[in-house]
Amino acid sequence: MYLYNLTLQPASSISTAILGHFSGTKAQEIVVARNQKLELWQANTTTGKLSVEHSEDMFCRIRSLASFRVTGGSKDYIVMGADTGAACLMEYDVKDRRFKVVQYHEFGRTGLRRLVAGQYVATDPKGRAFMIGAVERSKLVYVVTRDSEARLVFGSPLEASKAHSICFDIVGVDVGYENPVFAALESVYDDDNDDGDENAQKKQVVYYELDLGLNHVVRKWSAAVPDTANRLIALPGGDDGPSGVLVCSEGAIEYYSPVVTSTEGLRVAIPRRTEQGEDRPVMIVTHAVHRMKNAFFILAQGETGDLYKVIVEYSEETATQLGITYFDSIPPASCLRILRAGFLFAASADSGSHRLFQFENLGLEAEPVNQQMLSLRELSSLILVDEVEGLCPILRSQVLNLAEEDTPQVYALCGRAAQSALRIVRHGLEVSELAVSELPGTPQAVWAVRRQGDFDDLIVVGFRDATLVLGVADDVTEVTDSGLLATEPTLALGVCDAGGIVQATPRVLRRVHADGRAAEWQPPRGLGITHAALNSRQAVVALGERAVVFELDTMGELRERAESLDAGTDIVCVGLPAVPQGRRGASFVAVGCADSTVRVFALGAGGEPELAAMQAVADAPESVALVQTPLGLMLFVGLRSGLLVRARVDEVTGELSDPRTRFLGARAVRLRPVTVRGGAGVVALSTQPWLCHVHQGRLRTIPLSYDALDDACAFVSPQSPEGMVSVAAGTLRIISVDRLDAEFNHASIPLSLTPRELLLHPESRHFAIIETEHGGASMPDKQSPEQFGLVRQGAGQWASALRIVNP
């Protein structure tokens, strides 16, 4: 069942995240839970950028996630705990680009209930079973097998519940191929002691063993732990580690395992900051375990954001000694995940931004082990490579148009403590400006040319009566020996598959070969070329009501077709799609006509081009583009009234279907094809630039938060493989859109304390912001509050500030 829903801006906080190969490829991916949405993220190991590959609304509140891989499999599945009162096993379907439910089993009522499982999910490291638990009493174990068609299935759950017990955490214990074992951190709150266990009234770590032969779950072992214990860390077993669990409590980490009779020597104190004092022990809030061949690496984060490297020395099947060192300091995270490519992903639930760090090293060797106090320092083991900004939590907001733009802006107070900020939110994709150069005169058009190699090396700028050719290397310099006509305006420009550059001017269609030779075609006497369109193997030039078609022959020469295209009325724009792979040319050409129609002609193998479809539009067309998108061949029409019309083109007959219209601005819409995520898209230029492309399986049109552009085209460079070169206001600009998954972009003004209220002074247009923090004080001048947070004072003490901001 598919339900229609419309969300302008989904929740930006991430409650939990998991790693795995969910697409079945070698690339490691991240699945994150954002309230009701489940998203698939990828980290580009070359650029270090995070991107959202797929986002889907689960229509439930996601409480927990775990990755699951069966023995011998190459693909990871997702086990989800939610408020639906059911266990859900899912996979990511690459073909349909959606999360697909493999099996779904209901066991309780819907809602966030303490007795209904879903708060915790843990999987067996060998992929044989998983446990789903509730805050109180309920724990269910599902055995996962394959049916006769090799599909994953699980049967009825096996209960491992214990009455009058509160669960704080559940993990899967690595015991190799013995019976699966799950560890739970529990506390019994009832006074009755039915089983006679002297530790039953205390908080304890309990092992639950799934007997695969008898198909039932038993309490295998338990041990008392400190009353402040809050988190379990499962250690690798077999050849990679000692197995067992680490129990995190206030100020200490201890090792527990059934083979250890005493924890003496297996307890380590967590280093504290000097300003914390002895009365404020550190509590671990999240961790990450990274498995390597015959080794493992543990990072744990305290509530202040400090990262600790936990060292476990072991012999055979048990740990022999624990150690802990200060690693680095980052803002507090809700979830840490270590990627094999050498990155650390830190998700945030309440500080707004999610960060991707790259490891420089695995800890400084000079850092002392088991030191009681630590000295803060700048990042030395991690480098911040990417940051995904969020708005969580929004404390106050106002919708105003202080910048006097086409659309108003949202001014929001976000974050808390040192991670807070005043964010100016605009609808549109964020644009990065890579370079700006002044141009002589007023440019009207621009093209990028790649003569050889993998990157564009020429930029051609068209003026009203001239053409300027620029060479792109370390610097941008004028080129005078390109062979292009510089004394005439250029209507269209392209690179030929057989070599050379094709230039269309009002007087001539000119092809400049790689060796410098030039071949020209001139229109009949009394006629001039009014419009033109080119691809790598074809050219179409408009001569009033007619258009002449050129194609590459077997000798690599551009030959004029015997029969021209007759539109029956003046042609005002031409669109020619790129040549599909394995084809000799495009099958269709689109022309916009002065009678407010758009006609699609089938080129065929020879003969006169035949009219395949005609579409009436609301105004005279300004530009037209045929683009082969991942969803099929699409027709885009920009009108002089500022409307954008798009329609689907049948790739066999050329018929048009599903026309859509959208108003982009008061200026005539100019269209240019670009490359987006390896696929074709269109940039539409009006009073604001817009990008039309396929995003997560849907064709969307979204504005770019940038100045109005006169023209733009795709530009490939080492710095930006999918950038654009544009002209605007007498300047040449190279820009790029790095993040396509954020429909809103943010401009941030950092604050020092948690903001509480903002007021606008109408005359000066300045904001007055009040900030307060309970028990908070500023860090010393040499330390960054954004990285280390604030110094916490005692209860009843406040830090306050009144700030005047010019947005």
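Q: From which method do accessible areas come?
A: Accessible areas come from the Shrake-Rupley method with a 1.4 Å probe, and for residues only the protein chains shown count as cover. Here the accessible surface of the protein is about 35900 Å². Carbon and sulfur atoms hold 47% of that surface. The model is predicted: local features need pLDDT of at least 70, side-chain atom pairs pLDDT 80 or more, while totals for chains, interfaces and linings use all residues. Numbering starts from 1 along each chain as its sequence is written, and side-chain values use heavy atoms, without hydrogens or water.

Q: What share of the residues counts as buried?
A: Buried means under 20% relative accessible area, exposed over 50%, partly exposed in between (1.4 Å probe, protein chains only). Of 807 residues, 53% are buried.

Q: How many helices and strands does the protein have?
A: Both are DSSP runs, numbered from the N terminus: helices are H or I, at least four residues; strands are E, at least two. The protein has 1 helix and 70 strands. Its C-alpha trace spans about 105 × 70 × 50 Å along the principal axes.

Q: Which residues form a nonpolar patch on the surface?
A: Nonpolar side chains (Val, Leu, Ile, Met, Phe, Trp, Tyr) join within 5 Å, like charges within 9 Å. Ile166, Phe168 and Tyr189 form the patch, with about 250 Å² of accessible area together. Isoleucine 166 sits in strand 14 (residues 165–173).

Q: Where is aspartate 570 found?
A: Aspartate 570 lies in the loop between strand 49 (565–566) and strand 50 (571–575). Its relative accessible area is 41%, so it is partly exposed.

Terms used. Patches are made of residues with over 30% relative accessible area and no salt bridge: like charges are joined within 9 Å, nonpolar side chains (Val, Leu, Ile, Met, Phe, Trp, Tyr) within 5 Å. A salt bridge is a side-chain nitrogen of Lys or Arg within 4 Å of a carboxyl oxygen of Asp or Glu.
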